[in-house]
Amino acid sequence: MLSTTGKKTKSAKSRWSAEPAQLHARRWWGLMVIAIAQLMIVLDTTIVTIALPTAQQDLAMSDASRQWVITAYTLVFGGLLLLGGRIADRLGRKRTLLVGILGFAVASGLGGMADSGWTLVAARAGQGVFAALLAPSTLALLMAVFPGPAERARAIGIYSGVLTAGGGIGLVGGGLITSYLDWRWCMYVNIPIALLAALGAIATLPDPPGRTDARIDVLGALTGCGAIAALVYGFSEAGERGWHTPWVFLCLALAAVLLLTFGIAQARLRAPLLPLRILTDRNRGAAFATVALATLGLFGVFLFLTYQLQSVMGYSAVRTGLAMLPLVAMNVVAATQLSGRLLPKLPPRLLIVPGLLSAAGSLALLTQLTPHSSYTAGILPAELLLGLGIGTLFGPAVATATSGVAAHDAGIASATVNTAQQTGASIGTALLNTIAASATSTYLADHHGADVLRDATVHGYATAATWALGIMLGTAVLAALFITADPRKTAP
């Protein structure tokens, strides 16, 4: 039985080794499919945010329960990513990708048909489950389709551009759909996107074999996924309840205990969920930290920009989305034309650090926001610098984080990148939102006047931007000191 399995595996591998020549002409179509699949995941982190007020009213949701429409997705998605990566390694990335795409479409359809708030929350959790299968497979397949360093660098640049631009596109799309159609179409829109991605994946993507002899680390899945879920949930609740409440403390303490248990188990098991060799490499570990910290410092800023434009400057949802387009456009240009072209020629540190400093420059401008700041003089320059920074740094950071990983660990390495982004985004939103709320309350206590509430709100945004600036500068120092390798010299 073992010899038969071995022959099948060898035969599959030999077929796979012959496939790159056959797929050479259509590999860029494969990248488009991968980008579309990843875009669907990223869109749903922001497109529903714009539609939430309308959905809340339609489904008679309370203010206390509405947050679960967002949290259910990010909590399940972030908590199951590592498990999804290992499943992709075991069963095969293309098969897992297709299951993730089609499952995401079904969950989206159920969400669009929701007749109560908790039905919508359950559908969003279902989206998170299938997103956790889908996300690790996209990056792992990208690495398989583009084995050469130069083309892989360009492909990762495009992938990173889609990854970071998707949030802005979701804001625009959510505003347009909610204003001119119905909030339910923010869920239904995933169905045609998923069908297009599934058909494209079948036609263009290779099918590298999975490791059928590998075991799923049940203990690692429970402790690792539980730790991430408790961490994300704890920080999400901190934004609502405050940092000193017992429930938040309990969640964060549970996350710490589970994380410690996870680390001890991974060091002792023969087939761990997350092999520690992936994290203990100096450059790779620093790259994962850079992705997490950069996302932590940046993601909350999108939220503050949205509120500054809508609540302070009086923009509509559609106009707010359109006002964010320069950031999206600059990000895509920087990722594809700057980072994607220069990465094959330069060590990644020479792109990551300037990218972080450009993002820090944007945050420095946002610390100067006032209630009277104009879009042209105050917001637009910050958007352009932020887009330039994001587009420049994420491609090289992802390339470093996934460089030199054995083929059988590609799925889990990709999942770790996504986990770093998802966890950083969740913590960043909660952390910066709490800092902004605290600064606003302090300002209100010390000032009085007709416009004090507006002044206090903007003061809170500026204070949060100051903290984000410090995080970004600290991340730049970390990247400069610890990311010293050059993936161009590492065999894929």
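Biologist: Why is A292 called partly exposed?

Modeller: A292 has 22% relative accessibility, so it counts as partly exposed. Buried means under 20% relative accessible area, exposed means over 50%, and partly exposed is in between, with a 1.4 Å probe and protein chains only. A292 sits in helix α12, residues 282-312.

Biologist: What kind of model is this, and how are residues numbered?

Modeller: This is a predicted model, where local features need pLDDT of at least 70, side-chain atom pairs count only at pLDDT 80 or more, and totals for chains, interfaces and linings use all residues. Residues are numbered from 1 along each chain as its sequence is written, and side-chain values use heavy atoms, with hydrogens and water left out.

Biologist: What makes a stretch such as α12 a helix?

Modeller: A helix is a DSSP run of H or I with at least four residues, a strand is a run of E with at least two, and both are numbered from the N terminus. The protein chain comes to 18 helices and zero strands.

Biologist: Which residues does A292 touch, beyond its neighbours in sequence?

Modeller: Leaving aside neighbours within four places in sequence, A292 is in contact with A420 and G424. Contact means heavy atoms within 4.5 Å. The C-alpha atoms of A292 and T419 are 8.3 Å apart, although 127 residues separate the two along the chain.

Biologist: Why is S362 called buried?

Modeller: S362 has 0% relative accessibility, so it counts as buried. It lies in helix α15, residues 349-366. Not counting residues up to four places away, S362 touches A382, L385 and L386.

Biologist: T367 and Q368 are both in the loop between α15 and α16. What label does each one get?

Modeller: T367 has a relative accessible area of 18%, so it is buried. Q368 is at 57%, so it counts as exposed. T367 touches A462, A465 and T466, not counting residues up to four places away. Q368 and V458 are 9.6 Å apart, C-alpha to C-alpha, and 90 residues apart in sequence.

Biologist: What about T96: buried or exposed?

Modeller: T96 is at 4% relative accessibility, so it counts as buried. Its helix is α4, residues 93-112. Its contacts, leaving out residues up to four places away, include I87, L91 and L133.

Biologist: How much of the chain is buried?

Modeller: Buried residues make up 55% of the 492 residues. The chain exposes about 20300 Å², and carbon and sulfur atoms supply 67% of that. Accessible areas come from the Shrake-Rupley method with a 1.4 Å probe; for residues, only the protein chains shown count as cover.

Biologist: What makes D58 and R184 a salt bridge?

Modeller: A salt bridge needs a side-chain nitrogen of Lys or Arg within 4 Å of a carboxyl oxygen of Asp or Glu. The closest N and O atoms of D58 and R184 are 3.4 Å apart, so the pair meets the definition. The pair links distant parts of the chain: D58 is in helix α2, R184 is in the loop between α6 and α7, and they are 126 residues apart. A search of the whole structure finds one salt bridge.

Biologist: How many disulfides are there?

Modeller: A search of the whole structure finds zero. A disulfide is a pair of cysteine sulfur atoms within 2.5 Å. As for cysteines, C186 is buried at 1% relative accessible area, and C251 counts as buried at 7%.

Biologist: Which residues make a nonpolar surface patch?

Modeller: L176, Y180, L181 and W185 make one of about 480 Å². Patches use residues with over 30% relative accessible area and no salt bridge; like charges are joined within 9 Å, and nonpolar side chains (Val, Leu, Ile, Met, Phe, Trp, Tyr) within 5 Å. L181 has a relative accessible area of 58%, so it is exposed.

Biologist: Where is the kink in helix α3?

Modeller: The kink in α3, residues 68-91, is centred on L81 and is about 50°. The bend at a residue is the angle between axes fitted to the seven residues ending there and the seven starting there. After α3 comes G92, with a positive phi near 110°.
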